[in-house]
Amino acid sequence: NLFVICTGRSVDSVLEKLIEYQVPYDYIIGVNGAIAVNREQSIMHAHAFDIESVNKIQHILKNHDIVDYHLSNGLSHNLILSGEELIDINEIRGYYINAMTDEGALSLSEKLNISLNQVGIKAYPNDHFVAVGMRGINKGHGVKQLAEILKWQGKIHVIGDDYNDIPMFEMFNSYGIKSGKPDAISHAKSQVDSVSEALEDILNK
């Protein structure tokens, strides 16, 4: 068996906790499928925004009341304050925009998806943040691509609780955590109270 952490965050955002709690992971898929690394932090696959897409996102952000946002290259992230100009726009794999409230995140994600629909960009609300990535590059794609690289022939089970989990919920045998977003976990094939309950169900099959 292989245990893979699949997150909307940068790799460094979860790596510290994995080390602290000695979680025996095999791979990390970060930034909603835009990058995957092994335990040695070697990149297995990665996708980045093209410059045109970055410029379009920056234009929209300048015209919204955004306090700050994070830019991620997949491995790490940097805080950008409102009005601050980008110096290096190479290898940007994800945006995390601070919308201040959950309602603001839902509203901003809808606006971004309408404005950027034609350039292949997808926004997901995540609490009071909005995660922005490339359409088609999502957690489901990230898991599928890693499995193809590894030539994995076994079953794939996924566990999640939020909107950015929907693509992988729909692609694999999936478990939604009941405390998560109702609209998101409704896409999972099963709903459970905890990760341990999902793992127990998987092991008993």
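**Entry 1: charges over rings**

I count a charge as sitting over a ring if NZ of Lys or CZ of Arg is within 6 Å of the ring centre and within 35 degrees of the ring normal. By that rule, K122 lies over the face of Y124, 5.9 Å from the ring centre. I also found R39 over the face of Y25, at 4.7 Å from the ring centre.

A note on what I am reading: this is a predicted model, where local features need pLDDT of at least 70, side-chain atom pairs count only at pLDDT 80 or more, and totals for chains, interfaces and linings use all residues. Residues are numbered from 1 along each chain as its sequence is written, and side-chain values use heavy atoms, with hydrogens and water left out.

**Entry 2: aromatic pairs**

Next I looked up ring pairs. Rings of Phe, Tyr and Trp (its six-membered ring) pair if their centres lie within 6.5 Å; planes under 30 degrees apart are stacked, over 60 edge-to-face, the rest tilted. The count comes to 2 aromatic pairs. F49 and Y95 make an edge-to-face pair, with 5.8 Å between centres and 70° between planes. These two residues are 46 residues apart: F49 is in the loop between β4 (43-46) and α2 (51-62), and Y95 is in strand β7 (residues 94-98). Helices (H or I, at least four residues) and strands (E, at least two) are DSSP runs, numbered from the N terminus.

Are F49 and Y95 buried or exposed? Buried means under 20% relative accessible area, exposed over 50%, partly exposed in between (1.4 Å probe, protein chains only). F49 has 6%, so it is buried. Y95 has 0%, so it is buried. I also noted one aromatic cluster, formed by F49, Y69 and Y95.

**Entry 3: T7**

I found T7 in the loop between β1 (4-6) and α1 (11-20). T7 counts as buried because its relative accessibility is 11%. A polar atom of the T7 side chain lies 3.0 Å from the backbone nitrogen of R9. I then listed contacts, meaning heavy atoms within 4.5 Å. Leaving aside neighbours within four places in sequence, T7 touches V14, I29, G30, V31, N32 and K139.

**Entry 4: a sheet**

Last, I traced an open sheet of 3 strands, in the order β10-β11-β12, with parallel pairing. Two strands pair if DSSP finds at least two bridges between them. The edge strands, β10 (157-160) and β12 (190-192), each pair on one side only. Strand β11 (residues 173-177) is joined to β12 by 3 bridges. What is the bridge partner of I177 in β12? I found that V192 is the partner.

Definitions and conventions: A polar contact is a pair of N or O atoms within 3.5 Å; within protein, one must be able to donate a hydrogen and the other to accept it, and residues adjacent in sequence count only if both atoms are side-chain atoms.
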